[in-house]
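Entries follow in the order I checked them.

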Amino acid sequence: MTRTGSFRIEVTQDIPTCQALRRVVFIEEQGVSEADELDGLDGRAIHLLAWEGACPAGTARILVKGSEGKIGRVCVLPEMRGTGLGAALIGAALEVLRKQPGVTEACLGAQSHATGFYEKLGFVAEGEEFLDAGIPHRHMRRAL
C-alpha cells in the first residue's frame with residue numbers, strides 16, 4: 001500500500017470498483033465504447049485502487065509480459081484531478097513493477113494530451129501518434 005497526502009493506493013482484487021471508476025471516466029466522460037473499455041484482460045491484470053478517505057477516487061491496471069510491464073486504464077475522477085493522485089498512481093504502479101521478477105521496463109499508451117504529464121514521470125514518447133478507441137495516443141516507455 002502507498003500513502004501520499006490523504007490518498008491510499010493499494011493492489012486490489014476489487015475489479016468491479018475499478019471498472020466502475022473507468023466507466024465514469026472513459027465511457028461516460030470520454031465516450032469510449034463499452035466494448036473497447038471492457039477488453040477481457042482484467043482477469044490477468046494487477047489492479048491498483050486509490051482511495052480518498054472512504055471513497056474510491058482512481059485506478060490503474062498493470063499487465064506483465066516478459067520484461068515489460070504495461071500500465072493502462074489509468075483514471076482519476078474529475079473532482080480529484082490536479083491533486084497529485086494521478087502521479088501517485090503511476091508511482092505506485094512503478095513500485096509494483098519493480099517487484100515483479102525480470103521486469104525492467106514500464107510502458108503505456110498515453111492519451112496525446114497527457115504526454116507531458118508522463119514525461120515529467122520519466123516516460124519517453126516513441127513512434128507515431130495512433131488512435132485507440134478514437135482518441136489520439138502515443139506509446140511511451142521508461143526504465144525501472
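Is F117 buried, partly exposed or exposed? I looked up its relative accessibility and got 34%. F117 therefore counts as partly exposed, since the band runs between the 20% and 50% cut-offs. I keep in mind that this is a predicted model.

Next I went through the aromatic pairs. The structure holds 2 of them. One joins F117 and Y118. Their ring centres lie 4.9 Å apart, and the planes make an angle of 75°, which I noted as edge-to-face. I then checked Y118 for burial. Y118 has 9% relative accessibility, so I logged this residue as buried.

Y118 also pairs with F123. Here I read 6.0 Å centre to centre and 80° between the planes. Y118 and F123 are both buried. I wrote down F117, Y118 and F123 as one aromatic cluster.

Then I turned to H47. Where does H47 sit? I found H47 in strand β3, which covers residues 46-52. Its relative accessibility is 2%, so H47 counts as buried, the cut-off being under 20%.

Which backbone oxygen lies 2.9 Å from a polar side-chain atom of H47? I traced that oxygen to D42.

Last, I listed the contacts of H47, leaving aside neighbours within four places in sequence. The list reads E10, V11, T12, I15, C18, R22, D42, A60 and R61.

Notes. Residues numbered from 1 in each chain as written. Predicted model: local features only at pLDDT ≥ 70, side-chain atom pairs only at ≥ 80, totals over all residues. Heavy atoms only, no water. Helix = DSSP H or I, 4+ residues; strand = E, 2+ residues; numbered from the N terminus. Buried < 20%, exposed > 50% of the residue type's maximum accessible area, 1.4 Å probe, protein only. Polar contact = N/O pair within 3.5 Å; in protein donor to acceptor, adjacent residues only side chain to side chain. Contact = heavy atoms within 4.5 Å. Phe/Tyr/Trp six-rings, centres within 6.5 Å; stacked < 30°, edge-to-face > 60°.
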